[in-house]
Amino acid sequence: MNESKNKYNHVGKGYARKDGVEKVTGTAVYIHDLVIQGMLFAKTVNSPHAYARIKSIDISEALKIPGVRAVVTGKELNYKVGLYVVDKDILARDYVRYQGEPLAAVAADTELIAEQACERIIVEYEVLEPVLDPREGLKVNSPLVHPDLENYSYMKGVFYPQAKTNLPHMQKVRKGNIEAGFKKADLIVENSFYNPPVQHVPIETHVSIAQALPNDRVQIWTSAQSPFTVRNLFSVCFGIPHEKISVKVPYVGGAFGGKAGIHLEPLCYVLSQRAQGRPVKLSMTREEEFNTMPSRQGLYSEFKTGVTKDGKITALEINYYWDAGAYADYGVNIGRAAAYSGAGPYEIENCKVGSYVVYTNKVFGTAFRGFGHLEVHWGIERNMDIIARKLGIDPVKFRQKNVLLPGATTITGEKITEHTGRVDKCLEAVAAEIGWQGVKSKEEREREKKTGKVRGKGIALLHKAPAMPSFTSTGVVLKFNENGSVDLLLSLIDYGQGTYTAMAQIAAEELSIPFERINVPWDSDTSFTPYDWQTVASKGAFFSGNATIMAARDCIRQIKETASQVLHCSVEELVCKDERVYVTHNPDEYIEYRQLAYGYTYPNGNAIGGPIIGRGVYIAQGLTNLNPETGKGLPALNWTYGAHGMELEVDVETGEVEILKIASSFDVGQVLNSELVRGQIIGGVIQGLGSAVSEEFLFSKEGKLLNPSLVDYKILTAKDIPQKMTQHTVETKQLDGPYGARGIAEHPMISIPSVMGNALYDALGVDYFRLPLHSERIYFGIKSGKEKYHG
């Protein structure tokens with residue numbers, strides 16, 4: 001992918017990442033590296049059962065071990081935490097709701113002593129019948145995971161927990177007349193699909209340090225995506241004023257959504273309280289990362305689609321059943337976003353979507369790159385291909401007939417404009433790149449099978465908007481240094497996506513100074529860096545980019561105001577360029593930025609101005625909550641559209657698949673950094689392939705996670721990279737985006753399973769409905785001889 005062709009000096013260029021040298025030389029400091037004076041180490045006792053009543057906990061033997069400084073159980077902690085529904089105890093109190101849930105914890109001089117003490121804690125359980133399938137959890141006679149759901153606080157007007165059920169949220173979307181739409185149809189097609197829960201697998205597991213200080217002050221060091229969210233939820237949980245809580249986030253070794261909320265911090269704090277204020281560190285092992293920390297939710301989806309003979313969709317009815325696990329966390333917002341995005345990038349005249357977020361007795365779900373959109377697009381894009389074939393229409397042409405174009409209306413009532421983005425252009429790009437010529441005939445497939453290997457091509461589309469509250473906001477501060485360089489301060493967390501580099505490019509562009517002269521300190525601290533809602537939703541470049549522009553222009557205003565007095569001219573006559581400010585008609589009459597950075601001093605010693613500190617803010621505008629009955633509203637600040645094309649080869653004797661080529665195209669509005677965009681696409685595609693071919697949680701019939709480590713849970717490695725990947729961008733300017741840009745962090749992994757499923761049908765004539773598409777599933781599909789295989 002080439003650098004963006006534009007008029008800018010810095011924006012669009014492929015600068016190397018600001019954090020590159022520190023990370024490859026090992027000088028970047030992570031929470032795992034931190035040792036605070038007097039620090040203790042914590043471990044937890046975790047439930048062996050998916051659902052059980054805690055009858056008793058005996059900690060007496062643990063307290064006898066030398067070096068143990070604090071032991072705490074859930075019974076002692078009358079606190080609850082939660083982002084949208086406040087439903088989770090710091091430690092399980094009366095019930096454990098998933099296998100792996102912590103119910104007691106120890107802080108000790110060493111991690112080994114803490115482990116030994118945990119082994120001495122005796123717990124007596126009464127095992128209960130677990131809820132393991134969200135569809136079963138919806139039934140009237142299902143056991144209740146949270147019998148007291150009606151007593152929990154929650155974000156009113158956005159989410160709607162239903163008392164005496166397993167539903168912390170159900171989102172409806174209604175457009176048109178669904179019954180009338182089906183009556184217009186010449187063909188009605190029904191399909192069901194399944195996505196399993198999966199793990200984020202960041203290189204750095206969850207880890208936090210907390211210290212209870214005098215006067216109710218709290219210091220937290222944590223590997224997290226959102227320091228201000230940690231502070232706010234911590235404040236709500238303990239009733240401690242925000243100004244007494246300081247949250248510091250240094251380098252973060254990957255997150256993918258799993259570190260977006262609050263997790264280990266409250267437990268570290270209560271242990272620190274009981275250990276006379278000594279700092280306490282809790283680090284997850286890889287097995288605990290799988291079995292105790294949250295995952296991506298599972299999803300069952302059901303589609304009923306009405307179409308005319310010429311390929312126009314007249315009606316679409318969808319039910320999404322989300323396997324939320326034991327707690328709501330981000331899962332309720334995923335269910336909400338899935339509803340308003342749930343028809344895909346298509347104009348549907350009559351639509352009915354029900355998105356059910358259901359408690360089960362599994363490890364709880366949370367945000368994951370794509371925020372539910374990989375899951376829903378698995379069904380959406382497989383369903384589109386199946387319908388096209390039943391109509392005898394080329395799948396590409398079928399999509400072209402139904403995609404959202406300027407003038408169309410989304411299922412929530414948003415009107416698509418010339419500046420919203422062009423999914424049709426993304427489709428055209430990938431179809432051309434893979435040489436799409438239509439679906440193979442049955443005869444062609446049979447001839448290929450005789451050779452032992454068959455090839456197939458597939459296409460899939462996608463869209464996603466940031467899923468966030470209507471009041472989401474962020475701030476950026478730029479402050480000049482003595483030599484005219486600039487520090488860029490923000491609380492958006494760059495945990496690998498490269499946002500700090502892009503923000504430095506924007507600042508350099510606006511201030512007209514070299515990129516190298518913009519410094520972005522990596523530590524975020526709620527006591528010093530400006531507010532940011534959260535680092536999620538692919539909103540970082542959009543929000544912080546706009547705020548950076550405003551902060552830079554605030555700096556320019558200050559520079560010009562001071563320089564106008566020195567140069568005896570009006571502000572309007574001044575130009576800021578190449579680290580200088582000068583009079584428009586006389587470039588030789590200038591002042592260097594460094595002369596103004598801390599105020600200008602005249603030869604006689606008089607001074608004017610002062611330190612140049614620019615402030616920029618951005619808040620989402622025009623967004624609304626969704627109507628609880630119809631889903632009508634404006635939930636999307638912007639949409640990023642995309643498409644993938646894939647060519648693969650299948651060994652018909654083994655089911656092994658080789659990915660020959662993946663072409664990806666996204667309408668990013670404006671490329672901010674060509675290399676970062678390329679890297680995001682490649683990384684997202686590979687992560688999406690993991691979901692497509694190997695990643696899944698496996699549970700026993702009792703609800704025990706069977707593969708809680710990388711021994712039995714395969715993620716892709718360099719050996720699994722496709723033979724060829726190409727990246728393409730469309731640049732339809734987003735009017736309110738920074739230079740017209742939109743986010744692209746999550747989107748590349750969306751629809752990768754879908755495009756693979758569609759390519760497999762082209763190769764084999766077999767439809768697959770469950771993920772992952774590993775060789776065993778593919779092999780049995782080939783040998784079954786059936787068109788549809790639900791194995």
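Predicted model: local features only at pLDDT ≥ 70, side-chain atom pairs only at ≥ 80, totals over all residues.
Residues are numbered from 1 along each chain as its sequence is written, and side-chain values use heavy atoms, with hydrogens and water left out.

Let me begin with the helices. Two packed helices are described by the angle between their axes and the distance between the axes. Helix H6 (residues 227–238) and helix H7 (residues 265–274) have axes that come within 10 Å and cross at roughly 50°. Helices here are DSSP runs of H or I with at least four residues, and strands are runs of E with at least two, numbered from the N terminus. Axes are lines fitted to C-alpha atoms, for helices over the stretch in contact, and angles run from 0 to 180 degrees between N-to-C directions.

Where do H6 and H7 meet? Val230, Phe234 and Phe238 in H6 meet Glu265, Pro266, Tyr269 and Val270 in H7, where contact means heavy atoms within 4.5 Å.

I turn now to the loops. Most residues other than glycine have a negative phi, and most peptide bonds are trans. Phe256, in the loop between strand S13 (245–249) and H7, has a positive phi of about 55°. Tyr739, in the loop between strand S31 (724–730) and helix H18 (752–764), also has a positive phi, near 60°.

Finally, the peptide bond from Leu771 to Pro772 is cis, with omega near 0°. Pro772 lies in the loop between strand S32 (767–768) and helix H19 (775–784).
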